[in-house]
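I opened my notebook to keep track of what I looked up. Here is the structure I worked from.

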Amino acid sequence: MTKPLNVGMIGYGFMGRAHSNAYLKVSRFFPLAHQPVLKAICARNKEKADAFAQNWGYESVETDWRKLIERSDIDLIDIGSPNNTHLEIALAAAKAGKMILCEKPLAMTVAEAEQMTEAVEKAGIPNMVWFNYRRVPAISLAKSFVDEGRIGRAFHYRACYLQDWTIAEDVPQGGAALWRLDVDVAGSGVTGDLLAHSIDTAMWLNGAIAEVSAATETFVKERLHQETGKMQPVGIDDACMFLAKFANGSIGTFESTRYARGRKNFNTFELNGADGSVHFNLEDPQYLDYFEYRAPGGPKVPGHTTGWRRIHVTNAEHPYMDKWWVPGCTVGYEHTFINALADFIAGIETGKPTQPDFRNALQTQRVCDAVLKSAKTRQWEKTGVTL
Ligand SMILES: NC(=O)c1ccc[n+]([C@@H]2O[C@H](COP(=O)([O-])OP(=O)(O)OC[C@H]3O[C@@H](n4cnc5c(N)ncnc54)[C@H](O)[C@@H]3O)[C@@H](O)[C@H]2O)c1
């Protein structure tokens, strides 16, 4: 007999769909005691919310998130709305004792993220932030290589997150679908939206980022605002590059833009250590590239046999893959959310909470804020990350 986990989902956009799909599938593929129940979807437009509820099988609709949080039949609040709504919703949900899953970036600023972290910890409620890329099986495999000592002493970390959808000057800012270009709603541009993912992955694989030196650029200075109907200054960073010093002594470069013509969701990283390297590209997500110089505790690999190994991450021995298809059959973007949700529910059931929780996502927020500060001061800035 499974126990119900009653879900109140806020937002029916991109993430509303990705998360709803995860709630529907997770207990069919993972052996869990809890089964999510789609109790309520919440968004401001009743007609669209009704249509979404019907399509995905939600039992009810709310148009005010406060009403959703007040309901006694909801166990878990999932925040899938724009960044400027996360703080208020999370504080209210924590006060009401609901479990919280929150989309990234956790907040608009470190100050907000600290308040949210304190609130969930004081309430003692299970919480997680949807840094779903950790749950790409190939990225989880990279993490296990690091933990097994296959990389050895780390020297370099290199990350890119490139897209190309805001190049046209007539793309407006603000409102549905385009809130990411409005700094008052998004908090920042590519730094919070894209680099937050790269930073989360980097610190998961290679430990704390201690200091950063950044440059940002806004290529299109004014855009029509969809809500005011006026041309308004653009306050977000269209592109961001930063240098990083990790606490373990390695150094990193991070680059992100929405102006890289031809790049759609080009999220890549490479980690180079004394004993090996790993490379990943989200546009080819079923592969992890691995260069083995020395296996842990073993001799150096003979020079004439060395070379990059392309691992097709679909074997039952690979992370999450015993829950999916047979070797050779790939999983995709949507599975990262299902895998993350499975880890969250397993964490509730075993009493060993999964990561990243709010406190961990607060560290990513610290790096984002330090990056934006450094771009302004043109100085190296300390992040204050504690992992
Ligand atoms: N984990 C990831 O890879 C990933 C990917 C995309 C977006 N995100 C994050 O998810 C969040 C949502 O992004 P999205 O792409 O789904 O946006 P979206 O624009 O597609 O959807 C946002 C939804 O929020 C609703 N909404 C807005 N204000 C609201 C309010 N006050 N009350 C209730 N509902 C409200 C909108 O109606 C819409 O349904 C953002 O924080 C974003 O950064 C994460």
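This is a predicted model: local features need pLDDT of at least 70, side-chain atom pairs count only at pLDDT 80 or more; totals for chains, interfaces and linings use all residues.

**Entry: two helices**

I began with packed helices. Two packed helices are described by the angle between their axes and the distance between those axes. I looked up helix α6, residues 137–147, and helix α8, residues 190–206. They pack at an angle of about 30°, and their axes are 9 Å apart. Angles under 35 degrees count as roughly parallel, so α6 is roughly parallel to α8.

Which residues in α6 and α8 meet? On the α6 side I listed I139, S140, A142, K143 and V146. On the α8 side I listed T201, W204 and L205. I then sorted this contact by class: five residues are nonpolar, two are polar and one is charged.

**Entry: aromatic rings**

Next I turned to the rings. The count comes to 20 aromatic pairs. I picked out F145 and Y290, a tilted pair. Their ring centres are 4.7 Å apart, with 55° between the planes. Where do the two partners lie? F145 is in helix α6, and Y290 is in strand β15, residues 287–292. The pair links distant parts of the chain, 145 residues apart.

**Entry: charges over rings**

I looked for charged ends placed over rings. The charged end of R66 sits over the ring of W65, 4.2 Å from the ring centre. The charged end of R263 sits over the ring of F266, and here the distance to the centre is 3.8 Å.

**Entry: H318**

I found H318 in the loop between β16 (308–312) and α9 (333–350). Is H318 buried or exposed? Its relative accessible area is 11%. Buried means under 20%, so H318 is buried. I set aside residues up to four places away in sequence. Beyond those, H318 touches L141, I311, H312 and V313.

**Entry: S374**

My last stop was S374, in helix α10, residues 358–377. S374 has a relative accessible area of 1%, so I wrote it down as buried. What is S374 in contact with, leaving aside neighbours within four places in sequence? I listed V212, S213, A214, Q379 and E381.

Notes. Residues are numbered from 1 along each chain as its sequence is written. Side-chain values use heavy atoms; hydrogens and water are left out. Axes are lines fitted to C-alpha atoms, for helices over the stretch in contact, and angles run from 0 to 180 degrees between N-to-C directions. Helices (H or I, at least four residues) and strands (E, at least two) are DSSP runs, numbered from the N terminus. Angles under 35 degrees count as roughly parallel, over 145 as roughly antiparallel, 65 to 115 as roughly perpendicular and the rest as oblique. Contact means heavy atoms within 4.5 Å. Ala, Val, Leu, Ile, Met, Phe, Trp, Tyr, Cys and Pro count as nonpolar, Asp, Glu, Lys and Arg as charged, and the others, Gly among them, as polar. Rings of Phe, Tyr and Trp (its six-membered ring) pair if their centres lie within 6.5 Å; planes under 30 degrees apart count as stacked, over 60 as edge-to-face and the rest as tilted. A charge sits over a ring if NZ of Lys or CZ of Arg is within 6 Å of the ring centre and within 35 degrees of the ring normal. Buried means under 20% relative accessible area, exposed over 50%, partly exposed in between (1.4 Å probe, protein chains only).
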